[in-house]
Amino acid sequence: MISDKTTILLRFLIPYMLMMLIPLSIGFFVYHRTVDVLEDEVVEKNMALLQQSKKVLDAQLEEVELFAQNMTTHPKVVSFQYERDVFHRDQVYKTLEIRKAVSNVVQQSRFIDDFLLLFKNSELALTADSTYKWSELYPEFLRYGQYDYPSWRQLMLADEGSRYLPAERVQLEGKSMNRVTYLTPIGAPIAYNGMLAVMMDNRHFTELLQGMELSQDGWAYIADRNGSVISYLSASGQPPMPLQLQGREGVLAPEDGDDSGLIVTYTTSDYNDWVYVAAQPSDLLFSKVHYIRNISLIILAAMGLIGLLLASVLAYRNSRPIRKIALSIMELQGKATQPMKDIHHFIQQAVTRLALDNRKLQNKVEAQMPLLRAAMFERLLKGDFANRDELQMIMQHAEINPPESNYYLIAVIDIRGDWNSLSLELLQQLDVRRIVLKDWLEDISDYSCLIHDLSEGKLAVMLSSSESDERAAVGTIERKLREKETAYYEQFHTRFAVALGSCSRDMMKMSRSYEEALLALHYMRPNDMHCIVRHDEVPRSSSSFYYPAELETRLSNLIRAGETAEVEKLLEELYEENYRQRHLSLQMSKLLLFEVCGSLMKVLDYVSLKSSALAEQAQQLVDHIGHSSESEPLFKQLSQWMAEVSLQMAKRKRSRNEQLKQEMLERVKRSYGDAGLSLLSMADELRMSETYLSQFFKEQTGVTFSEYVNKLRMEQARMLLRETDLPIHEVTERIGYQSSNTFCRAFKRINGVTPTKYRQEERVRQSSGHARA
């Protein structure tokens, strides 16, 4: 049974092999076309050589026949053919004259080797140098092959007109060689009186055929129009058998698969209809073609093997991450031992389920986002954030990113009406009016406003303005609120009152603005026609101190968070409000001191410092308040102690932060080789928020978590490349990368060279260092 690993490998291997077949098929087609073209070129070259030989020989034969014509029409030859008793002493002069005349003619041709004039009436035979009687000439001075005198005489005097005799061994006046003879009659065609025999060296013919490659079993011949072989050349030396050929020229190829057969090339002369034929062994003729074919086949086979090997390596390399992903998914699903029929379908289903689950989760998060923003805004109003970093982190988590250049304030809106005795109908009316009012408030703020329901008819709203001046920003917001209040009254015949807190660009001061807005709303009369009142319009009362619950909460949170500067700033504002603005009586000042001292005791109890010396001093201060005649020094003493507690908390916080930082760094060092290492996995292990850990790690180390992990992995990779011979894929696994390609790209991006190049350069550097040592 095929294993899952083999199945995955095959699914990757088959496409690679199919892709490899495309260039191989193209190469095979090009190879065949190349071989065909080369074979055609060889055949065309052979035909060209044969046609060139034909052209040269046609010109030479034309020269021979012109010589014969000049000879047979020479006046002295024409007149001499009728002489009978040429051996009489009175005729000797004529014989010498005619021999001298024909000698001048024969010197004009380089192709003619010799000639013989045979006169029938006188039986005189003339050569260029001698005069003979026929009976004296043959066979003593002339011999044609195996012919005897009667056969030779009959051959010479045959009434066949002009013709060529095939090449034969001819011996004339002591010179013996293979000669082709041209015979042409002297005199009238009907009754001629002699014969001219022009002899040509057969080597002139065979030299024209030697340009053809005729080794082994090859041969070539020249045949006249009657099919008689005039001259030939063969590797075996035996005369070839004339072939029955179709057409005037062409190529006869051997049967398919017969590499030992002969390729016959032939062409016919337009001058005399002679046929020039060359038969060459195909394996010899196409030896270079076969060599190129064999080399091409070897290259194609090598490319196929290399391609197969490369496809196998790539398939194995690329299938490993897929298999790991599939196994991880199966382990998560508890199906680690279940066979996979279709891994791609399996991963697709898993990813689809993951995407659907992620979409559902996103929908749930989006559905919870209004609640998250409401909770954040409520904490902001209560001053429940210890510092700006915590506020910024929570705002980012709630997808609230107000511009830092805007001014912000808190407005408490009271929809006027009798909501004490509510009925279902009144509640429905109130819901409609509240929804409309919330929509209208969005138009007032230059940034999306935050709204919190305080009670049935009251809302707390954070409004913003992009004005560059604080007073202009408040004026713009107030003007827009009056316009909306008028429109609201015209639509519902109901007014709403607005109390505005102080305006600031610091989001941490919104709890103070909220407290001021509540105080301003408290001083508004129910039937006051002024729908908007600012906090600075409310008269300061010396009959009560200013220390609202929201401010106490914020002060406690700041002390516990170790934000000493913020604690001192808030205590200074509390001192300014109560001792400079309100001018509290001594009794009221003591009540303020009791409240602030109670807040200090709560903080000490919360941070486990209740039994400390500072707690004892605070208790003594409580006992001393009742007998003191001055309260300001005691308030300053309390402020100093609160600052000291904040400093202690800051030290404790730094210590905890350092412990958490070291724990995170140790976990990274232990687990950097794990491909599953991530901020999310570490947050799960530490049971902390991923967002908080991300911000914390960046604050403590100056780099993000992923940057630190990548830096550590690259340091380990460089060490392994320098000091070991581990292959790249094993280095990749050891430092926690799932893919060698991903590792190589990351390594080159950071180090400027590939891992292989880095290892080579380090080895060269180490070798030069040892050499210098």
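Buried, in what follows, means under 20% relative accessible area, exposed means over 50%, and partly exposed covers the values in between (1.4 Å probe, protein chains only). The model is a predicted one, so local features need pLDDT of at least 70 and side-chain atom pairs count only at pLDDT 80 or more, while totals for chains, interfaces and linings use all residues. Residues are numbered from 1 along each chain as its sequence is written, and side-chain values use heavy atoms, with hydrogens and water left out.

Of its 773 residues, 42% count as buried. Contact here means heavy atoms within 4.5 Å. Among the contacts in the protein chain with a separation of 6 or more, 63% come from residues 24 or more positions apart.

Next come the aromatic rings. A pair of aromatic rings is described by the distance of the centres and the angle of the planes. Rings of Phe, Tyr and Trp (its six-membered ring) pair if their centres lie within 6.5 Å, and planes under 30 degrees apart count as stacked, over 60 as edge-to-face and the rest as tilted. By this rule there are 18 aromatic pairs. One of them joins Y138 and Y149 in a tilted arrangement, at 6.4 Å centre to centre and with 45 degrees between the planes. This pair links distant parts of the chain, 11 residues apart: Y138 sits in the loop between α4 (134-137) and β4 (142-144), whereas Y149 belongs to helix α5 (residues 149-156). Y138 is buried because its relative accessible area is 1%; Y149, at 23%, counts as partly exposed. Both tyrosines also belong to one aromatic cluster, made up of W134, Y138, Y149 and W152.

F697 and Y708 give an edge-to-face pair, with the centres 5.6 Å apart and the planes at 70 degrees. Here too distant parts of the chain are linked, F697 being in helix α20 (residues 690-701) and Y708 in helix α21 (residues 705-723), 11 residues apart. With a relative accessible area of 2%, F697 is buried.

Helix packing is worth a look as well. Two packed helices are described by the angle between their axes and the distance between the axes. Axes are lines fitted to C-alpha atoms, for helices over the stretch in contact, and angles run from 0 to 180 degrees between N-to-C directions. Helix α14 (residues 549-561) packs with helix α15 (residues 564-581) at an angle of about 155 degrees, the axes being 9 Å apart. That makes the two roughly antiparallel, given that angles under 35 degrees count as roughly parallel, over 145 as roughly antiparallel, 65 to 115 as roughly perpendicular and the rest as oblique. The crossing of α14 and α15 is left-handed; a crossing gets that label if the near helix is turned anticlockwise from the far one by less than a right angle, and is right-handed if clockwise. On the α14 side the contact is made by L551, R554, L555, L558 and I559, and on the α15 side by E566, V567, L570, L571 and L574. Sorted by class, the contact of α14 with α15 has 8 nonpolar, no polar and 2 charged residues, where Ala, Val, Leu, Ile, Met, Phe, Trp, Tyr, Cys and Pro count as nonpolar, Asp, Glu, Lys and Arg as charged, and the others, Gly among them, as polar.

For helix α18 (residues 632-671) and helix α19 (residues 679-686), the axes come within 12 Å and cross at roughly 125 degrees. The two are therefore oblique to each other, and their crossing is right-handed. L660, E663, M664, R667 and V668 in α18 meet L679, M682, E685 and L686 in α19. This contact has 6 nonpolar, no polar and 3 charged residues.

Finally, some loop residues. C449 lies in the loop between α11 (424-444) and β14 (450-453) and is buried, at 6% relative accessibility. Leaving out residues up to four places away in sequence, C449 touches L441, E442, V461, M462 and L463. N406, in the loop between α10 (388-397) and β13 (407-415), is buried at 5% relative accessibility.

Key
Helix = DSSP H or I, 4+ residues; strand = E, 2+ residues; numbered from the N terminus.
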